[in-house]
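Let's take a friendly walk through a protein structure. Have a look at the sequence and the 3D view below, and keep them at hand as you read.

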Amino acid sequence: MLAGGQARRFGSDKAQALWQGARLIDQVAAALAGQCEAVVVCGREEPGFTCIRDWPEPGLGPLGGLAAALRHADKGGFSHVLSAGVDAPDLPQDLATSLAGEGAAIVASQPVVGLWPASAAPLLEGFLAGGGRALYRFADHVSARKVALRAPLMNVNTPEDLP
C-alpha cells in the first residue's frame, strides 16, 4: 500500500481519515489482505503494519513507494505486487483477478492501483535513475495493460471526496 504522500489537497493525514467508520489505511489494508499473501505499507511508519521506506529516497511520489514494494517483493520471493494508495478505500474484492494477465496492469482511471510483476523492480530502478517520475510513463515503459473496472474507484483527494 502506497502511503507516503503529503496530502496537501486533503489538509491533514489522509490515511487517518475515516470512511464508513474506519481509517482509510485500514480500509485499503483489509481489501488488499483478502487478495495478497502480505500487506506492506510503503512510505511511512504506521503502527500495526509492516512498513518500508520509499526507494531510493522519499519525495518521488508513488514511484518511490512502488519501487520499494517491488524490491521488497523480489527479495522476499513474491511474484507480484498489488499496489493501491490509501486514497482508494473501495477496492473491489476481485481486484487482483481483474488485473491478472501477462505483465503489469493498472486501473485505467487510477494508475496507482495496479498489479506489477516483482521482476519489474530493475526496470523501475532504471526508469528512476534515468529521471523518470511519472507513474503513467512507467506504466507505458513496461507496456502495462490499462484495465477498466466495472465501477469507478473512489479517489480521495479532499475531505469533500468522502461521502
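In which strand is Q110 found? Q110 belongs to strand β7, which covers residues 110-117. Please keep in mind as we go that this is a predicted model.

Is Q110 buried or exposed? Its relative accessible area is 6%, and a residue counts as buried under 20%, so Q110 is buried. Leaving aside residues up to four places away in sequence, Q110 touches D87, A88, L153, M154 and N155. Now try finding A148 in the 3D view. Along the chain, Q110 and A148 are 38 residues apart, while their C-alpha atoms are separated by 9.6 Å.

## The whole protein

Let's step back from a single residue. The secondary structure consists of five helices and eight strands. If you read along the sequence, these elements come in the pattern β-β-α-β-β-α-β-α-β-β-α-α-β. The radius of gyration is 15 Å, close to the 15 Å that the globule rule gives for 163 residues, so the protein is as compact as a globular protein of that length. Taken along the principal axes, the box filled by the C-alpha atoms is roughly 40 × 35 × 25 Å.

How much of the protein counts as buried? The share is 49% of the 163 residues. Among contacts with a separation of 6 or more, 64% come from residues 24 or more positions apart.

## Surface and charges

The protein carries 13 positive and 16 negative side chains. The centres of these two sets lie 5 Å apart.

## A mostly covered helix

Next, find helix α1, residues 24-33. This helix is mostly covered, with seven of its 10 residues buried. Those buried residues are L24, I25, Q27, V28, A29, A31 and L32.

What do the buried residues of α1 pack against? Their partners are the strands β1, β2 (22-23), β3 (40-42) and β5 (80-83).

## A buried lysine: K14

Our last stop is K14, in the segment before β1 (18-19). The relative accessible area of K14 is 13%, and the cut-off for buried is under 20%, so K14 is buried.

Which residues does K14 touch, not counting those up to four places away in sequence? They are A7, L24, V86, D87, V156 and N157. L24 is one of the buried residues of α1, and D87 is also touched by Q110. As for V156, its backbone oxygen lies 2.9 Å from a polar atom of the K14 side chain. Finally, K14 and P159 are 145 residues apart in sequence, yet 8.5 Å apart in space, C-alpha to C-alpha.

Methods. Residues are numbered from 1 along each chain as its sequence is written. This is a predicted model: local features need pLDDT of at least 70, side-chain atom pairs count only at pLDDT 80 or more; totals for chains, interfaces and linings use all residues. Side-chain values use heavy atoms; hydrogens and water are left out. Helices (H or I, at least four residues) and strands (E, at least two) are DSSP runs, numbered from the N terminus. Buried means under 20% relative accessible area, exposed over 50%, partly exposed in between (1.4 Å probe, protein chains only). Contact means heavy atoms within 4.5 Å. The radius of gyration is taken over C-alpha atoms; the globule rule is 2.2 Å times the number of residues to the power 0.38. Lys and Arg count as positive and Asp and Glu as negative; His and the chain ends are not counted. The place of a charge is taken as NZ of Lys, CZ of Arg, CG of Asp or CD of Glu. A polar contact is a pair of N or O atoms within 3.5 Å; within protein, one must be able to donate a hydrogen and the other to accept it, and residues adjacent in sequence count only if both atoms are side-chain atoms.
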